[in-house]
Amino acid sequence: MEELQGDGVGPWQRYGYFLRSQAERAGMTTRDIEEAFKAAVRREADGAGPAPKYPVSKMAFSKSHIDRLFAAQSRPRPPWPFTLQFLRITSSAAGLTQQEHERCCAAGRALVDAATAPVPLVPSPTPAVSAPAVGPSDDGNPAVLRLERDLERARHTETRLRYALRDAEILLSTLLRITGALREIIAGNDVLEARALNGADHGALLRLRDETRQALTHKSTARREYNRVAARIQVLEELWGRARSEIQRLSEHPDAIGLPSPALDSAGRTDSLPAADLFTQPALDDIATALTKAHEVNTREERNVATLRRGLTVEGGFLPPGDELAVLLASTRFTQSGARHGAIAPLSANWTHVGEAREAVLRLARDVDADVRQYAAKGLAEGWPGDTTARGALLGLAGDPAAEVRACIATALAEGWPGDETARDCVLGLAGDSVPDVRHRALAALALGWPGDPKAYEVVARLASDRDGWPTDNADLQCAASALAEGWPGDARAQDAVQYVVRFHLGPDVRLSAATALAHGWPGDGYATNALLHLAEGPHGDVRPTAVSVLRSAWRPGERYRLEFFVRLAGDRDPHVRREASAALVEGWQGNPVVWDALLQLASDEDAEVRRHAAAGLATGWPGDPKGLETVLRLTNDSDVRKYAVTALAEGWPGNQQACRTLLRLAGHPDAEIRQSVATAIARGWPGHSEGRLVLLDMTDDSSPDVRMNVAAALGTGWPNDKTARHAVLLLVTDRSADVRRSVASSLAQGWPGNGRAEEAVLQLADDADRDVRVSAAAALARGWPRGAQSASVLVRLTADHHPEVRQAAAQALAASNPGDPQALDAVLRLADDPNRGVRAHAADALARGWAGVSTARITVLMLAGDRYTLVRQHSVEALADGWPDDPEAQKAVRHLCADRAPAVRRAAMARLDSVGGGPWQ
């Protein structure tokens, strides 16, 4: 979770980053996750397993909803059940152990709790923050005057945004009317043109065709202006929401009572835009004049939006940094517990360099409210890892009467003080707690913070053996087995302890967890294999699919008896078992005739997921096979598998004309997901195809943003350097969907590198309101226009962007496109002091990639190797080894980090030593 903190964003943004990181870890796209949710709904409908408290079918899990969750533009419904189901899906796809999954769940629960916690009331900042304000303030109080000023400024900004939205909507309506009038003109001219042809009136024919050409040009212009207005409305809506939230926050302050309320529309308005000023009559000259004015209005209003955005910081407030700290410190003394613990996350993320922030969180660790103490424990571990005073505060909470606090302490000590013996002894005590959840968290913490430690091993192994009178239950055995595999993989004694559970425990769920731990920690273990084989073909339907899945990941493909095992299970009565078996056959035995025959049969299976695996397997294992082509073409008529069959055609039969005709026919399918898959498949399997290009050009006007996004990418991939395709992609630069604009930036760099018009468009996207678009534009500039003066200037400017992900992307882009450039080096060196740990980590990477051998860069990375945070030290190890492999100081620093307190840093340092085997690093 370390990389999710310290970025100055809110709890829902951190939650979104967490979900995205889990999806990336599992290698799943949002579409894959949506399909996994749908599969869970189907399992519920089949009645597999006990009825859940919160049915998956009632959750929101569409692709667009998940995309919005990643971007913190939507909320999970319901928050914790959705998060838990999401993590079940990603953990399974990533092949995580039970312990790793539980750790992810704990992290997800913490983020959900933080995001759904009551928003703290924010007091007016005052120089003295040692006690909360009591009683009303008089009118001469500077704090009240500042509150009144900030409230008035927020109201004024909200009013300006409201008027700007109204004018944009009027302009949007006007452009729609213009477009409709142009359609009428074009359609009428078509009729008149037919009459002129019949009457051989060549003069009238030429005039009509000229008018039609002008009307079509005006219609294209109106469309571009419409897209600009639509994109601006989206930005204005976001800014208006932030301004409104700011007014509500300031109005809830006790000192706001009695302040005068403004009259409606107090900001006044001098330049409203009645539609009649833009549109008079449907004549081409009048329309041209109206479009010119619309362009001027768009340009002016976009400048106004930029001004309004600067007035509203991305954090959503008007407070300068010093005042923000004062407000947070004052909030820690409020009577409401939600206000107190709401201040902990920003203090531990953004103010770790300030002593008062640490003292405030230490004080909250002794708070009367258990929730506040729990948040304080997490904050101390995240903000001040390795600090002895913070560690002492956590040790004092190990005997807390609240079980949830004790459980949190175990995890916090492992994350903040790994390898520390005093912290270890405390967690050892918690492993014998009377509450199961505390014991389970302690076991996971011992494996996380003290892998290989003998004392930690004794306690975990004792719980796994279910002996010596320790409090144990089935969940204890499962967690202990997972902890042994995580913390002591390859250890013979730990292997014996887990084998004990597999051999002598009768519960199928416990045996499955222990066998899974054996398979991960000791690949090839015979007891694990035998147990999993029995469970896979046993009577317990709730564990059979998981057992098959573990065997699928643990076994090496190619062995005959294992092939026979999976072929047999491919005909199992349980569809979940058939899914796992079919996936194993696809992965392990491509080209095998027995598997080919099995997949042809599975393509007619009653379960859609099985048919999907069959289509993918035929494409990857038997490309070009006529029988396979016939089968996959048949699956394009299957509504549940159609989009996967489309992808399979491009992968297995590229260039095949029959497959191409099928895809061209499906380009007009009513389902947007099918059209989206078709766009990608045509570019992948039939690049340069003239009819395919025409179809994609028509799809640039598709109503679905997901389709337009894929079309933009497909045109750059399949028709590079094509002028018509480039023009179509340029028209999408002002698309109202941020996903489309992001795709446009990448497509222009891939398809038209070095092109001046394409560069201008990407430079425009580098100023986009959406963070992800700016990230994509930075990468595109580095790829398509390396060493370009304009590109370098924009990338340097993006290193000062308000969002850390953009700064990270700018650093990497400068290293890739301008290596050795002094100005670029200065910009990246500044990022080494960035308050966000992720930015500092990427700065280390960039310095090694772009300025290897430069003394200033080396000194900076050596400094970052001593950073407080694990993520930064880990990246610094890799940067030193990559950029300065022959430098004695770099070698010394990496050897020193082999004994780092964090396991991830130690592993990275040891891997770098091993990679140069016997060289000066040893």
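A salt bridge is taken here as a side-chain nitrogen of Lys or Arg within 4 Å of a carboxyl oxygen of Asp or Glu. The model is predicted, with local features needing pLDDT of at least 70 and side-chain atom pairs counting only at pLDDT 80 or more, while totals for chains, interfaces and linings use all residues. Residues are numbered from 1 along each chain as its sequence is written, and side-chain values use heavy atoms, leaving out hydrogens and water.

The structure contains 44 salt bridges. In one of these, the side chains of R578 and D605 meet with an N to O distance of 2.8 Å. This pair links distant parts of the chain, 27 residues apart: R578 belongs to helix α25 (residues 575-588), and D605 to the loop between α26 (593-602) and α27 (608-621). Helices are DSSP runs of H or I with at least four residues, strands are runs of E with at least two, and both are numbered from the N terminus. R578 counts as buried at 5% relative accessibility, and D605 counts as buried at 12%. For such labels, buried means under 20% relative accessible area, exposed over 50%, and partly exposed in between (1.4 Å probe, protein chains only).

D167 bridges to R166, with 3.6 Å between the closest N and O atoms; D167 is buried at a relative accessible area of 1%, whereas R166 is partly exposed at 34%. Within helix α7, E211 and R207 lie four residues apart, about one turn of the helix, and their salt bridge has its closest N and O atoms 3.3 Å apart. E211 is partly exposed at 24% relative accessible area, and R207 is partly exposed at 45%. A network of salt bridges also links R31, E34, E35, K38, K643, E673 and D706.

Helix packing comes next. Two packed helices are described by the angle between their axes and the distance between the axes. For helix α30 (residues 657-666) and helix α31 (residues 672-685), the axes come within 9 Å and cross at roughly 140°. Axes are lines fitted to C-alpha atoms, for helices over the stretch in contact, and the angles between N-to-C directions run from 0 to 180 degrees. On the α30 side, L663, L664 and L666 meet I674, R675, V678, A681 and I682 of α31, where contact means heavy atoms within 4.5 Å. The residues of this contact comprise seven nonpolar, no polar and one charged. Ala, Val, Leu, Ile, Met, Phe, Trp, Tyr, Cys and Pro count as nonpolar, Asp, Glu, Lys and Arg as charged, and the others, Gly among them, as polar.

Helix α34 (residues 723-731) has A725, R726, A728, V729, L730 and L731 as buried residues. The packing partners of the buried residues in α34 are α7 (202-251), α32 (690-699), α33 (705-718), α35 (738-751) and α36 (756-765).

Two further residues complete the picture. Q808 sits in helix α39 (residues 804-817) and is buried, with a relative accessible area of 16%. Apart from neighbours within four places in sequence, Q808 is in contact with N836, G838, V839 and H842. Y500 is found in helix α20 (residues 492-504) and is partly exposed at 30% relative accessibility. A distance of 9.9 Å separates the C-alpha atoms of Y500 and R511, which are eleven residues apart along the chain.
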